[in-house]
Amino acid sequence: MNREHYNYVRMTLWAVSVLIIFIIGMICFPLEYDDLSLLESFYYTLRLFILEHDVPKFPKSYFLIFIYFFAPLVSLSVLWTATMYLFRFSPLLKTRWQSNHIIVCGVGRTGKLLASTFKEKGISVVGIDSGKPESFDGWSGRQRIPMIYGDFLSWAVLKKAGASNARAIVFASGDDLLNLEGVVNAYGWLRTDRGDVRLLWAHISSEKLAQTARMALKTDGLVGIRFFDTYHIAAIKMIDQYFNYDMRKGVNEVTIMGFGKFGRDLTEVLIRGCQPDENFKIRIVDIKDRQKEIHELLRYTGVSRDIEFLKSNIQDLEMSDQEDKAFFLCTDDDIGNLATALMLTHNIKGTHVCVRMARWPMPAIEDHLKEKNGITFVNINDLVVEGVTDLPGIFEPAKESDLKRTGQNT
């Protein structure tokens with residue numbers, strides 16, 4: 001039964017209960033007390049809903065005794081539901097006394113994923129977004145997450161969300177600069193030397209911007225600024241779960257198809273995690289010329305390694321049948337990734353074939369390809385959900401060591 005039908009049923013039960021109470025009162029009061037008129041009986045029945053009555057003695061009729069107790073219960077049920085309804089649709093009432101909660105600023109794709117994850121883990125969440133309220137009503141109602149509508153760069157808006165008492169604030173809009181400005185503003189307002197350690201998190205997808213901000217921002221006190229990137233979190237989890245050191249033994253060549261944000265982060269995690277005794281070849285395939293970006297990545301990581309680049313549509317590649325190869329399909333095109341995975345099943349017997357999907361494919365296709373060809377479909381959202389549990393100061397109280405004051409914010 002969905003929420004709308006549940007409300008209809010509940011209102012119907014209330015109406016029937018009130019009708020039964022009045023019918024009993026109008027019939028039984030004159031029988032119990034001879035001098036009461038119908039109008040007086042209606043009045044005394046009405047007063048039962050507020051726990052008041054002026055009859056000279058407690059009734060003997062079982063029907064009247066029943067409504068003496070049942071009428072107040074109906075009133076309490078209506079009052080409780082009305083209060084909960086008011087709190088649900090008036091987030092200011094809910095957040096005014098809230099504490100130890102998380103504020104998610106920017107409730108887009110990433111913000112909704114994070115807020116839902118925090119809520120499922122039992123943490124109170126408040127969302128802030130400048131969008132239209134009707135765009136969030138359905139999601140907010142299903143997740144039971146109150147929303148504050150306004151600009152999260154405003155202290156008045158953050159204050160309405162209970163920023164002073166929040167465990168952490170996460171800036172997760174799709175604009176890196178906006179998130180950076182938001183986290184710096186919040187630090188200026190919330191910086192303190194007393195109380196518990198708290199972290200302000202900003203989602204920065206540009207590694208260059210994040211690195212520059214880490215070096216430039218100097219924080220002190222018990223409030224710290226930290227940065228994160230959902231694609232980088234997903235890349236770490238993907239390598240850890242599907243291609244760690246033990247799993248990739250015997251692999252001589254790794255092909256990463258698609259060098260967008262996720263492909264780049266996956267490559268970085270892979271080359272940073274290589275052990276001295278590993279010497280497998282890395283090949284990047286992308287429809288765009290990514291030579292410059294690959295060189296920038298190697299310069300950024302400081303890793304001396306040859307990476308072969310091939311400019312090609314991944315669906316046009318000619319694959320050789322060797323079992324010492326691993327393939328990662330990392331484009332943002334789910335259909336293209338699935339089509340390439342199907343092509344790989346006919347041409348190669350790779351040791352590992354991992355397919356990045358934003359939406360889960362049909363279970364029958366997944367089970368068939370995994371069973372017959374060793375292809376693993378990886379839901380990137382699931383990787384992010386698993387990865388954010390490692391962020392300090394959110395699921396567990398932050399410690400002073402989480403402030404990362406040794407030179408950089410991580």
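Me: Where is Arg144 found?
Reply: Arg144 sits in the loop between helix H6 (137–143) and strand E3 (147–149). Helices here are DSSP runs of H or I with at least four residues, strands are runs of E with at least two, and both are numbered from the N terminus. This is a predicted model, where local features need pLDDT of at least 70, side-chain atom pairs count only at pLDDT 80 or more, and totals for chains, interfaces and linings use all residues. Residues are numbered from 1 along each chain as its sequence is written, and side-chain values use heavy atoms, leaving out hydrogens and water.

Me: What is phi of Arg144 near?
Reply: Phi of Arg144 is near 55°, a positive value in a residue other than glycine.

Me: Why is Asn100 called partly exposed?
Reply: Its relative accessible area is 43%. Buried means under 20%, exposed means over 50%, and partly exposed is in between (1.4 Å probe, protein chains only). So Asn100 counts as partly exposed.

Me: Why are H11 and H12 called oblique to each other?
Reply: The axes of H11 (residues 261–272) and H12 (residues 291–301) cross at roughly 40° and come within 11 Å. Axes are lines fitted to C-alpha atoms, for helices over the stretch in contact, with angles from 0 to 180 degrees between N-to-C directions. Under 35 degrees is roughly parallel, over 145 roughly antiparallel, 65 to 115 roughly perpendicular, and the rest oblique. So H11 and H12 are oblique.

Me: Which residues of H12 make the contact with H11?
Reply: They're Leu297, Leu298, Tyr300 and Thr301, where contact means heavy atoms within 4.5 Å.
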